[in-house]
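This report describes selected local and packing features of one protein model. The sequence and structure come first, followed by notes arranged by region.

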Amino acid sequence: MAASLGPAAVGGAGAAYGSGPSGFAFDSGLEIKTRSVEQTLLPLVSQITTLINHKDNTKKSDKTLQAIQRVGQAVNLAVGRFVKVGEAIANENWDLKEEINIACIEAKQAGETIAALTDVTNLNHPKSDGQITIFTDKTGVIKAARLLLSSVTKVLLLADRVVIKQIITSRNKVLATMERLERVNSFQEFVQIFSQFGNEMVEFAHLTGDRQNDLKDEKKKAKMAAARAVLEKCTMMLLTASKTCLRHPSCESAHRNKEGVFDRMKVALDKVIEIVTDCKLNGETDISSVSIFTGIKEFKMNIEALRENLYFQSKENLSATLEVILERTEDFTDSAYTSHEHRERILELSTQARMEVQQLISVWIQAQSKKTKSIAEELELSILKIGHSLNELKKELHSTATQRAADLLKYHADHVVLKALKLTGVEGNLEALAEYACKLSEQKEQLVETCRLLRHVCGTEPLEITCIHAEETFQVTGQQIISAAETLTLHPSSKIAKENLDVFCEAWESQINDMSTLLREINDVFEGRRGEKYGYLSLPKPMKNNANLKSLKPDKPDSEEQAKIAKLGLKLGLLTSDANCEVEKWEDQENEVVRCGRNMSRMAYSLYLFTRGEGPLKTSQDLIHQLEVFATESLKLTSSVQAFSKQLKDDDKLMLLLEINKLIPLCHQLQTITKTSSQNKVFLKVDKCITKTRSMMALLVQLLSLCYKLLKKLQVENSRWVSVTNKDTIDGKT
């Protein structure tokens, strides 16, 4: 019975946590549909705003009138889909049904009003005289747009409450089943309950993975990722630790090992609920101290504020803030593993910072009483000196922490201690166990302390969260490895005890690998390779050594260029809506053509948001990577369409291949643009990329429509052939 419940038994839960960027392998229904419709709706609403702000004296060409009507119809269609999803949510949640239905009715009314007011195609004909349109009733359009945004927001907020409720309910089910698993006394009962537990963990993984993907706060997203990582790894640990306890019920170390897993999973489950509800359980507060880099950043902002306001804060507060920062450097100087050279340099820079702050305070006092040019220049010089000293301190702290981490990872790369613990366990050597357990404890303390130092120098809140997670993982897993090794040493012939030790050792090795990745990311941030905001309407900053200080301010393109990029973005947003409409026509949503089309539409929508300074694309690297993936996905689409064309007759096949041959060159051109160095032509590169993407999206809409028509035609022909074949068969039998 025990053998049948091996690693494969938790494959479902593990896969649910581990697959894809969000850790979750498929869309989970209502929330995903709501988000999809929201993405379709928002670009259209922004275009309605553009239409509202049109100039009254603009010449109304037929092309302009058609575009206006097209936008209105697209909004109404998107609202209709949104309302259907809202009504489905309402029917499944009776406590919110009335509120959601009211908001859906308001949204539907607003959509219909916008469609009616933008029905302007006949405006230039005499019979249209007296017709109320967007040109004659701007106020009506504004009211409808506001009502639409208000009602959509209500539905989304109510849907969010539903999702939070689902996560809490799922977590409570998991906790209840865990309590049953803790009390289980037989293998047969354990197998039955663990099977239920696995299904509940899969459901919880899907819900929390989707939630993690939706979080806008990077700090919360990092916390959710850390909590879910704990649950993923602990699921396997819980299995082997529980089986070991059942096999060796009188073994104290086995029980300690099992209790450690259950305790850690409960803490992780509580953290998930804290994140989704945005409140601490049991009224606890976050007691984690501010990192040194964060403290220095805030301190520099305070002293730089003196340029604008000499009475911004008190001198005592400034000195006290610096002392708090320098006190935290004791984590470095007090460590037995910090080299003498690093320690002396940190102390020297700390002393220098104190002296320069005292000098600043002296000049500050003079500046408050004397408003002379020389005093102002002296104050500026003092501010620059302190900034330079603190930057030097940051460099030294970063060098100390990262060099130590790199040395430690290199030294323990072969996992000698873990291998020795496994060997002593199988041999049943208690004396050797004590020796290697002591060595692992020492290694654990080194890693924990190093994670603490890395947290001080990581530079971003998400990386700070990752450092805290690594520190906690080494602390807990180290103790659990020792208890698992003790169990195996007491029962050296036990296969389940050996399997249990292997699982905990694998978790340790996995965390070592994660720490290597963390170290690379910290170095990337420190050296400016990550985290820098990308201003797509600004040219790159000149070299630091440029003597002309005025040129340090990036030049911005003129209003005509800004209008051009915004217009391209709006057109791209509309094309994503058209593509979504074509995708939704297909009955088989798992068709490869549909899958590629959907992915391309989602990426194009991210590019549209980028032109508005919104969305997930924050840096230049984000933009380039998204465009590269978009081009690759487009080539996948062409391959899928070519495969589909092989099922068609010659005329239809030729027509489809002609459309494909238009898309392939655009894919290669986009790939070329992304690989070309932008130098001082950032705006031009973004302009080219969005123009090219827009052309590709226009072709995508045509391809999806054509493929759908040809597929329907093929299905009709196939059904006729089947019908004729069946008739011939019946006639033959007769």
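## Histidine 415

Histidine 415 sits in the loop that connects helix 13 to helix 14 (416-427). The model is a predicted one. Although histidine 415 is not a glycine, its phi is positive, at about 55°. Its relative accessibility is 15%, so histidine 415 counts as buried under the 20% limit.

## Overall composition

The protein has 22 helices and zero strands. Of its 734 residues, 46% are buried. Taking contacts between residues at least 6 apart in sequence, 78% join residues at least 24 apart.

Helix 13 spans residues 373-411 and contains serine 382. With a relative accessible area of 8%, serine 382 is buried. Setting aside residues up to four places away in sequence, serine 382 touches Gln359, Leu360 and Val363. For one of these, leucine 360, the C-alpha atom is separated from that of serine 382 by 5.4 Å, with the two residues 22 apart along the chain.

Helix 13 also packs against helix 9, at an angle of about 175° and with the axes 11 Å apart. Angles over 145 degrees count as roughly antiparallel, and helix 9 and helix 13 are therefore roughly antiparallel to each other. On the helix 9 side the contact involves Ile292, Phe293, Ile296, Phe299, Lys300, Ile303 and Glu304. On the helix 13 side the residues are Ile383, Ile386, Gly387, Leu390, Asn391, Leu393, Lys394, Leu397 and His398. By residue class, this contact divides into ten nonpolar, three polar and three charged residues.

Serine 291 belongs to the loop between helix 8 (252-277) and helix 9 (292-304). Its relative accessibility is 1%, and serine 291 therefore counts as buried.

The side chain of serine 291 takes part in two listed polar contacts: one of 2.8 Å with the side chain of threonine 294, and one of 3.0 Å with the side chain of glutamate 464. When residues up to four places away in sequence are not counted, serine 291 touches Arg328, Arg455, His456 and Glu464.

## Helix 7 and helix 16

Helix 7 (residues 218-247) and helix 16 (residues 461-490) have axes that come within 9 Å and cross at roughly 10°. That angle is under 35 degrees, so helix 7 and helix 16 are roughly parallel to each other. Helix 7 contributes Glu218, Lys219, Ala222, Lys223, Ala226, Ala229, Val230, Met237 and Thr244 to the contact. Helix 16 contributes Glu461, Pro462, Ile465, His469, Gln480 and Thr487. The residues of this contact comprise seven nonpolar, four polar and four charged.

Histidine 491 lies in the loop between helix 16 and helix 17 (495-526). Its relative accessible area is 25%, which makes histidine 491 partly exposed. Apart from neighbours within four places in sequence, histidine 491 is in contact with His248 and Cys251. The C-alpha atoms of histidine 491 and histidine 248 are separated by 8.5 Å, although the two residues are 243 apart along the chain.

## Helix 19

Helix 19 (residues 592-611) has 20 residues. From first C-alpha to last, helix 19 reaches 29 Å, close to the 28 Å expected at 1.5 Å a residue. Because 16 of its 20 residues are buried, helix 19 is largely enclosed by the rest of the structure. The N-terminal end of helix 19 is capped by asparagine 591, which places a side-chain oxygen 2.8 Å from the backbone nitrogen of valine 593.

Valine 593 is itself located in helix 19. It is buried, with a relative accessible area of 5%. Not counting residues up to four places away in sequence, valine 593 touches Trp586, Leu637, Ser640, Val641 and Leu704. The C-alpha atoms of valine 593 and leucine 637 are 6.0 Å apart, and the residues are 44 apart along the chain.

Conventions: Residues numbered from 1 in each chain as written. Predicted model: local features only at pLDDT ≥ 70, side-chain atom pairs only at ≥ 80, totals over all residues. Heavy atoms only, no water. Axes fitted to C-alpha atoms, helices over the stretch in contact; angles between N-to-C directions. Helix = DSSP H or I, 4+ residues; strand = E, 2+ residues; numbered from the N terminus. Parallel < 35°, antiparallel > 145°, perpendicular 65-115°, else oblique. Contact = heavy atoms within 4.5 Å. Nonpolar A, V, L, I, M, F, W, Y, C, P; charged D, E, K, R; others polar. Expected span 1.5 Å × (residues − 1). Buried < 20%, exposed > 50% of the residue type's maximum accessible area, 1.4 Å probe, protein only. Polar contact = N/O pair within 3.5 Å; in protein donor to acceptor, adjacent residues only side chain to side chain.
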